[in-house]
Amino acid sequence: MLVNLKKIKERVELKLTDINSMNDLNELKVKMLGRKGEITLLLRSLKDLPVEQRGKVGKLGNEVKGEVEKLISLKEQDIKNHVLNNRLINEAIDVTLPGLPIQHGAKHPLTQMAEEIKEIFMGLGFSIAEGPEIELDYYNFEALNIPRNHPARDMQDSFYISEDIVLRTHTSPVQVRTMEKLAPKLPVKIIVPGKVYRRDDDATHSPMFQQVEGLVIDEKITFANLKGTLMLFAHQVFGDDVKARYRPSYFPFTEPSAEMDISCVNCKGSGCRVCSHTGWVEILGAGMIDPRVLIYGGYDPEKVTGFAFGMGIERIAMLKYGVNDLRLFFDNDKRFLEQF
Amino acid sequence: MIVSINWLNKYVDININADELAHKITMAGIEVEEVKKVDEDTILELELTPNRGDCLGLINLAREVSAITGNELKIPQINIEENDEDISDYVKVEIADSSLCKRYSARVIKNVQIKPSPSWLQDALNNSGIRPVNNIVDITNYVMLESNQPLHAFDYDLLGSNKKILVRKAKEGEVIVTLDESERVLDEEMLVITDGDKPVALAGVMGGLHSEISDDTVNILLESANFLGTNVRKTSKKVGLRSESSIRFEKGVDVNAVIYASNRATQLIQELAGGEVVRGIADIYPEPQKCLNIKLRTEKVNDLLGTELSADEIEKHLISLSFNLEKEGTDYLVKIPTYRPDIELEVDLIEEIARLYGYENIPATLPIGGTTQGGLDDYQKFRKQATSILARSMFEVVNYSFINPAVFDSLLLSDDSELRNVVKLANPLSEEQSVMRTLLLPELLENINRNLARKNDNLSFFEIGSVFTPKGDNLPEERLKVGAVVSGYTEVNWLKHKVELDFFYLKGILERWLSEIGLSNYEFRSSQKASYHPGRTAVILVDEVEIGVIGEIHPLVLDNFDIKERVCAFELELDEVYKLITSKVMMELITKYPAVERDIAIVLKDEITASRVVNNIKENGTELLRNVTVFDLYTGDQVETGYKSLAFKLKFQALEKTLTENDVNEAVQNILMKLEKDLAAKLR
């Protein structure tokens with residue numbers, strides 16, 4: 001019997017080397033350890049042995065049973081690992097194949113640019129003011145110190161609806177509308193985004209474009225404040241290494257007036273096609289609000305001062321994104337829109 | 001404006017190179033666009049601001065250069081030999097309308113010799129972009145470029161026998177043939193120079209052909225006058241003629257330069273064409289213009305600029321511009337010369353100081369004072385969100401606000417459609433851009449057409465923009481609309497998940513959008529709308545108020561827009577949507593009790609809409625019914641013709657207990673019973 005027990009173990013070991021499937025393993029398990037399994041029966045037959053042998057054989061029997069159980073369970077783990085490994089190997093995919101394209105879209109680059117500009121100024125405590133795109137001549141011109149037949153009207157050839165109604169040529173009418181609404185409250189800090197219209201259509205002019213206008217009115221606002229605010233803006237949009245310069249200019253609604261140039265973002269100021277080899281590109285017009293405009297808006301120019309600035313969003317976007325043709329913004333070609 | 005540096009050098013020493021000069025004057029407000037070397041000379045191309053028309057005269061420009069560089073200004077001295085005759089025997093000047101002609105002066109020079117100008121004069125004109133003609137005409141142009149005072153020389157003997165210059169308004173329909181040999185028909189608002197009878201020049205714009213200086217001219221009458229800029233501008237626009245003279249008057253010419261220019265030209269004529277100068281100038285100047293005196297406060301200068309300039313420094317800059325000053329403590333009374341009409345207020349003087357001091361020398365600081373919250377208001381936040389959600393699945397486009405009125409026919413709009421009620425531009429660039437849009441659809445269809453033509457397919461675009469409706473004499477009404485178009489399929493991919501961008505695709509986007517912006521009580525109702533497919537269109541309603549339309553575009557409209565693919569679109573009143581948003585986000589309780597799902601399929605008549613069925617189920621599902629989803633639609637062999645099968649997934653869940661089989665069965669039975677009773681729908 002002792003011999004039998006030892007042989008059983010050897011036989012199980014031998015059989016296990018041939019077994020590769022869970023089914024075969026279960027079969028062996030039943031055959032050995034099941035209710036009528038060889039080892040079960042053998043151990044059950046212990047009671048037939050003489051008492052003096054029972055202890056020794058019983059001990060060995062249980063040892064063999066334990067070992068067989070262990071062998072089978074090891075094999076079981078082995079097979080499971082094998083099956084899992086096979087599955088994992090079979091399930092391998094070409095991870096370099098592209099992912100499922102999610103249907104996507106984007107805001108128009110001009111919207112993105114406008115949002116960026118607005119956010120910069122909102123961070124400085126500016127609110128957003130808006131006004132109609134079709135405007136009274138009064139707000140678009142007169143109240144901005146541009147009377148009829150003023151030569152400055154040449155700068156902005158306008159689309160008219162009637163004698164007194166015009167497609168606004170700039171966002172500046174909102175300056176006066178806002179002042180009228182707020183006067184004499186201080187401070188006034190607004191940003192005015194919106195579409196504007198000029199009777200111009202060529203490679204560098206679009207009859208419709210977008211502007212952002214800024215307006216600050218308070219006691220003791222200075223030209224130095226204008227420079228500081230615009231510098232901060234330019235650094236946020238174009239980076240901290242951008243340089244700025246201010247040239248005297250003329251706008252009927254500001255005095256003194258200035259145009260702001262920044263060092264060319266394309267060539268860093270060394271001269272290229274973008275900056276016509278000057279190293280500088282103009283980005284906006286600005287100035288101290290003309291006292292006549294403050295009066296139109298209901299403020300006393302002896303008590304308060306203010307500055308205003310205005311820029312074409314297209315211009316800023318062209319510089320920032322390297323867009324080489326203004327007309328692309330209104331062409332709405334998918335290949336263009338996808339890039340932003 | 002084109003400036004020869006050699007010529008400019010006559011009035012101010014230029015001892016720096018051209019590029020340096022260009023930079024300096026640019027930074028002081030006279031923008032140089034280009035510096036060009038031409039032979040021995042250098043040409044500056046200036047972009048003058050409209051308030052500095054005075055710098056069209058080289059002497060005035062030289063005054064600027066003198067102020068900027070510190071070099072002395074040299075104004076040509078004048079010497080004329082006059083004869084003993086009296087100008088009043090040759091010409092009487094009369095101004096009939098002194099509001100349009102502030103001053104008119106005439107000189108007469110006899111026995112001149114007409115010939116080509118010497119080369120220095122021809123070169124000077126050529127380098128300034130003016131074609132030389134003959135010595136007399138060239139001198140008038142030369143002096144104009146020098147002094148900014150337009151001049152005109154008439155052939156005295158062709159001015160008729162009245163010995164008279166009468167400046168008056170033209171008569172309606174009066175005709176003049178100008179120097180460019182064009183016949184100009186005049187109206188009562190235009191000012192003309194006449195010889196007492198007929199017009200001989202269009203005031204400030206161009207002389208008449210009849211009395212022009214020719215090779216046969218012997219005696220000349222030299223006009224130096226000042227005409228009202230706004231009127232010259234109007235006339236010049238009306239007759240479509242801009243001349244060197246009209247440009248100058250439009251921008252404003254110094255009324256006190258009239259005599260200087262006349263004498264300067266006379267001097268040159270005497271030098272270059274010989275001739276005898278009749279003594280005196282017939283000069284009519286009804287209301288001599290006085291110099292403006294402006295008070296300038298040193299404190300105000302520094303308060304406005306944010307600088308700490310001393311009175312001395314301020315004084316230095318003003319004197320460099322040849323302004324006369326009277327000092328009153330730290331303030332000044334500044335006498336403004338009439339050649340600087342742009343200076344009207346104290347701030348104008350402050351700008352003069354600032355630009356000569358140098359904008360670059362003014363510090364850059366941030367405003368101090370009251371803080372403000374800033375940021376977007378609710379309506380602005382809403383629009384930002386509305387854009388952001390749509391931009392996740394579609395590309396935003398920006399189209400012009402003006403459209404072609406012919407698109408209304410292409411869109412098959414009825415003749416009485418209110419969308420045809422447009423705001424018209426009085427002066428459009430073209431008929432194609434002549435009316436303000438009342439809807440976004442036509443340009444969105446153009447976007448599809450253009451992209452398909454360029455082989456960009458699978459398109460989905462949206463736009464948020466204003467539309468305009470006339471309101472009589474008042475400002476038009478402006479409303480924001482949101483529109484979208486889709487065409488094609490989702491992107492091609494190897495996974496074969498390809499979905500057509502059809503009605504239901506677009507409706508899915510719209511429903512998601514409505515849900516995220518917080519509008520829930522809307523209804524899609526089958527409807528027929530111009531431009532849209534009659535069987536594939538719905539209006540979107542909230543409390544029976546129509547806020548928009550969604551549908552497939554009518555095939556005939558697609559034909560009209562030359563689009564070969566199916567296109568679906570929606571267009572909603574964005575401002576209306578904003579007003580209707582009521583829902584605030586409030587969390588619903590999440591129950592810990594399990595949900596039970598049941599699928600039902602029913603057969604019912606084709607014309608009963610899915611929304612009627614869903615509403616019926618919701619009404620009768622009791623509070624246990626959490627959700628109804630349509631998951632199948634079938635028509636075909638398995639159901640009778642005229643019928644369809646719809647399948648729904650119903651989800652039941654109770655807040656306070658685990659549902660029993662019986663609870664759910666009861667609820668489903670009740671739903672099925674009501675479906676049969678109300679809609680004659682049978683369980684399949």
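Reader: At what angle do helix α1 (residues 2-18) of chain A and helix α4 (residues 51-90) of chain A pack?

Author: Axes are lines fitted to C-alpha atoms, for helices over the stretch in contact, and angles run from 0 to 180 degrees between N-to-C directions. Helices here are DSSP runs (H or I, at least four residues), numbered from the N terminus. In this predicted model, local features need pLDDT of at least 70 and side-chain atom pairs pLDDT 80 or more, while totals for chains, interfaces and linings use all residues. Residues are numbered from 1 along each chain, with chains lettered from A in the order written. The angle of α1(A) to α4(A) is about 5°, and their axes lie 10 Å apart. Angles under 35 degrees count as roughly parallel, so α1(A) is roughly parallel to α4(A).

Reader: Which residues in α1(A) meet α4(A)?

Author: Contact requires C-beta atoms, placed from the backbone, within 7 Å. Among those in α1(A) are Leu5(A), Ile8(A) and Val12(A); their side of the pairing faces residues of α4(A) including Leu60(A), Val64(A) and Leu71(A).

Reader: Which residues have the most contacts inside the largest nonpolar core?

Author: In soluble globular proteins, nonpolar side chains tend to be buried together. A nonpolar core is a set of buried Ala, Val, Leu, Ile, Met, Phe, Trp, Tyr and Cys residues joined through C-beta atoms within 7 Å; buried means 20 or more other C-beta atoms within 10 Å of the residue's own. The largest core has 227 residues, and Val192(B), Ala203(B), Ile220(B), Ala484(B) and Leu506(B) have the most contacts inside it. Beyond four places in sequence, Leu506(B) contacts residues including Val486(B), Ile550(B) and Phe570(B).

Reader: How many residues does each chain give to the contact of chain B with chain A?

Author: Chain B gives 76 residues and chain A gives 73 residues.

Methods: A residue is buried if 20 or more other C-beta atoms lie within 10 Å of its own, exposed if 12 or fewer, and partly exposed in between; C-beta atoms are placed from the backbone. Two residues are in contact if their C-beta atoms, placed from the backbone, lie within 7 Å. Helices (H or I, at least four residues) and strands (E, at least two) are DSSP runs, numbered from the N terminus. Angles under 35 degrees count as roughly parallel, over 145 as roughly antiparallel, 65 to 115 as roughly perpendicular and the rest as oblique.
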